[in-house]
Amino acid sequence: MSSFFANYEPGDFFDEMFAAPGEVRPHYRMLLERAEGLSVDDFNRKRQIAERAYLNQGITFTVYNEKQEGTERIFPFDLVPRIIPGDEWGHIESGLKQRLHALNAFLHDIYHDQRIVKEGIIPEEIIRSAKHFRPEFMGFDVPKKIYIHVCGTDLIRDRDGRYLVLEDNARCPSGVSYVLESRMTMKRVFPQLFARYGVRPVDRYAQDLLDVLHHVAPASAADDPTTVVLTPGIYNSAYFEHSFLARSMGIEIVTGADLVVQNDRVFMKTTTGLKPVHVIYRRIDDDFLDPKVFRPDSLLGVPGLVEAYRKGNVSLANSIGTGVADDKVVYYYVPAMIKFYLGEEAILPNVETFLSAVESDRKYILENLENLVVKSANESGGYGMLIGPRATKDEIAHFRGLIEAEPRNFVAQPVISLSRSPTWCDGSMQGRHIDLRPFVLCGEDVRIIPGGLTRVAMREGSLVVNSSQGGGSKDTWVLDGGTESC
């Protein structure tokens, strides 16, 4: 056993690398062998190379405090990769494709006939009261009937190693830039190990995303559409990703001030005059897109953009109104959507979930707050959440009041023992909890980047993996072969 892992304790969790103390899983054997030839000094030098690469590339994120003041930080990155055998990935991939097909069918349905409501699968009140439901787009046909072009679905593994869906991110999912940059760093730091493993590439993502955007371009510009990334600006926490993706796709990055609408058509301001824009990959929420339709105080959007969208002169990715599929209450019904629209059972099950909007569930939640994880329906980034077993009496009392005041706004789940992975912390290998965010693209077909963003709860014992809460990341290696061949 390598000295790096000699004292490693998998703990009472599903450990990605070890089936038991000293018993390495087959697909991690080569990694263990490589570690046996490394000294701590060698490993630390490689860590320094990786950190310099992140620093030089400006790979940062912003953490906000209670006053909404932001602090920019380098994204923590761990050199021990998360490795997924090919057969295991095949199961994940099938489940993700199934889920995205069902979510797109659901969004088309609720903005048209609402069959799923009429047939009693989802209560009308759940849809009507969803924060991001846009009734003004009822009857509107989005290009190619695709609402979610880019989805980041968060997966976890339970104590038995089963993959479960924690949530769907269907508005502006972020993190793929870290996936691509982490891969380049790992290839530089461990070139021989990477080559020996036969890791599936991720470097087609930018081209695949551009293909998706071109696929939904207006028919009038289908041969040569002009596509842009719309960002809130340099002070946004994910601006690094916005600029990275625009650069990788070879397209312009713009703010709302760079665009103008004339005669229901969108134009980009350039030094040589106005240039037509046909597709916008927007990293701005619906509320800020057009001050004429949504928030009138928004300085981030483009006046008249929604009317240009309605007239079919510009396409948006993701489409307006997809946020209803982000709602954690609507998440509860996704397995039922899969059955309703596809006639199939969910390949990737949800985490068991209780709805405080349902009286019997609410009674159970309020009686068991100290044992549950409670989440706000529309918060993200690890905010608006109570982890009962680690909460104070005051925090539990606070959430009790919130749930009683707005029962529609909360769901609860049992505390899941997230799988763990060896992670270099405080000068030794220690187990840290992880999740996985694969990125799913929907255009002419559905494409999934092999692997995705493995997020790590860097604090000992923490279950919160979000970067805004101190989390980091690992490179995710999907192998060509299955477990048997490793």
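**Close-up views of turns and backbone geometry**

**View 1. The β10–β11 hairpin and its turn.** In this predicted model, β10 and β11 make a hairpin with 2 residues between them, and N263 in the turn has a positive phi of about 55 degrees. Strands here are DSSP runs (E, at least two residues) and helices are H or I runs of at least four residues, numbered from the N terminus. Two strands pair if DSSP finds at least two bridges between them; β10 and β11 pair in the antiparallel sense over 4 bridges. Look for V261, which stands opposite V266 in β11. N263 sits in the loop between β10 (259-262) and β11 (265-270) and is exposed, with a relative accessible area of 75%. Exposed means over 50% relative accessible area, buried under 20%, and partly exposed in between (1.4 Å probe, protein chains only).

**View 2. From β11 on to β12.** Another hairpin, with 2 residues between its strands, is formed by β11 and β12. The strands run antiparallel, and 4 bridges join β11 to β12 (residues 273-276). Here K269 stands opposite L274 in β12.

**View 3. K144 in its loop.** K144 lies between α5 (124-128) and β6 (150-157). Its phi is near 60 degrees, a positive value in a residue other than glycine. K144 is partly exposed, at 48% relative accessible area.

**View 4. A cis peptide bond.** The bond from A317 to N318 is cis, with omega near -5 degrees. N318 belongs to the loop between β14 (315-317) and α11 (328-331).

**Notes.** Residues are numbered from 1 along each chain as its sequence is written. Local features need pLDDT of at least 70, side-chain atom pairs count only at pLDDT 80 or more, and totals for chains, interfaces and linings use all residues, while side-chain values use heavy atoms, leaving out hydrogens and water.
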